[in-house]
Amino acid sequence: MSGNVRLLDDTLAAARAEGRAALIAYLPAGFPTVDGGIEAVKAALDGGADVVEVGLPHSDPVLDGPVIQTADDIALRGGVRIADVMRTVREAHAATGKPILVMTYWNPIDRYGVERFTAELAEAGGAGCILPDLPVQESALWREHADKHGLATVFVVAPSSRDERLAEITAAGSGFVYAASLMGVTGTRESVGGQAEDLVRRTRATTGTPVCVGLGVSNAAQAAEVAGFADGVIVGSAFVKRMLDAPDDAAGLEGVRALAADLAEGVRGRA
């Protein structure tokens, strides 16, 4: 069965045709529970997100700040497994028809098996995978199986990436390029800063693939700022924080839905 890379491509193209950036939400699978995580993904999409990245919780999440680390810890203590991640993708996509990616570090895929992981993600209706710690020069096996199963391979670029390195990364990737707006871990910021705009400009000089910015965006005003120069705005910690701070699960879901609606206005320039 083929995955949904084309749905991802079409979704990003449709946002561009509307003269706006896409809104991409991140939420970890298994948080606060597997069922609760599925409902959170659906809430983000119902609220206005165009795409969701489902995080595969990891015990050593080097890119993730304290908010997402806390959620990952809750999910891992709850016993989340890769099968639960696949179920999250399957049920969220089936309920909404929107593209769902998995964001994961490489080690769990390597241990699980590349062929098995890509086949199951495609069968679940997944659109692809974001692999923040997989070096491009070591990605041939992954890309072979991802291409075979119709899955996007999204690589991360950073402000420290030299132009020739950007060209190497963007040539190997598909779906979109994840531009980390600053050096450091995930988390909300007071300002996204000028580094992101410069990184998008330099990345676009190497590729026609959409460039989406993550790390630091937490409100509609920041989303509108980033939407002014990027093809997509990625928001993670702010969604997770709404759930962590909520008095109960129902309030958490409403918080996710409300934040998605607010950010959706931002990427449309209505903040």
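Is Gly173 buried, partly exposed or exposed, and at what relative accessibility? Gly173 counts as partly exposed because its relative accessibility is 22%, where buried means under 20% relative accessible area, exposed means over 50% and partly exposed lies in between, with a 1.4 Å probe and protein chains only.

This is a predicted model, in which local features need pLDDT of at least 70 and side-chain atom pairs count only at pLDDT 80 or more, while totals for chains, interfaces and linings use all residues. Residues are numbered from 1 along each chain as its sequence is written, and side-chain values use heavy atoms, with hydrogens and water left out.

## Around Gly173

Gly173 sits in the loop between α8 (163–172) and β7; here helices (H or I, at least four residues) and strands (E, at least two) are DSSP runs, numbered from the N terminus. Leaving aside residues up to four places away in sequence, Gly173 touches Thr153 and Phe155, contact meaning heavy atoms within 4.5 Å. Ser139 is 34 residues from Gly173 in sequence, and their C-alpha atoms are 9.8 Å apart in space.

## The sheet

Strands of a sheet pair through backbone hydrogen bonds, either parallel or antiparallel. In this model 9 strands form an open sheet with parallel pairing, in the order β5-β4-β3-β2-β1-β9-β8-β7-β6, where two strands pair if DSSP finds at least two bridges between them. The edge strands are β5 (152–154) and β6 (156–157), each of which pairs on one side only.

Strand β8 (residues 211–214) shows two sets of residues: Val211 and Val213 point one way, Cys212 and Gly214 point the other way, and all are buried. In a regular strand the side chains alternate between the two faces of the sheet. Strand β7 (residues 177–180) pairs with β8 in the parallel sense over 4 bridges, with Tyr178 opposite Cys212 and Ala180 opposite Gly214. Strand β9 (residues 232–235) also runs parallel to β8, joined to it by 2 bridges, and Cys212 stands opposite Gly232 in β9. From β8 the chain crosses through helix α10 (residues 220–227) to β9 in a right-handed β-α-β crossover, a term used if, with the strands pointing away from the viewer, the path from the first strand over the helix to the second runs clockwise.

## Two pockets

Rolling a probe the size of a water molecule over the atoms shows where empty space is left. On a 1 Å grid over the protein atoms alone, a pocket is an open set of points where a 1.4 Å probe fits, with protein on both sides within 12 Å along at least five of seven lines, and lining residues have an atom within 4 Å of a point. A volume is the space filled by probe spheres set on the points, which are joined across faces, edges and corners.

| Pocket | Volume |
|---|---|
| Largest pocket | about 310 Å³ |
| Second largest pocket | about 170 Å³ |

The largest pocket is lined by 13 residues, with Leu56, Pro57, Ile82, Pro108 and Arg111 closest to its centre. Both α4 (82–96) and α5 (106–112) supply at least two residues of this lining in the largest pocket, and α5 gives the most, with 4 residues.

The second largest pocket is lined by 13 residues, and those nearest its centre include Pro32 and Met243. Pro32 is placed in the loop between β1 (22–28) and α2, and the peptide bond from Phe31 to Pro32 is cis, with omega near 0°. Most peptide bonds are trans.
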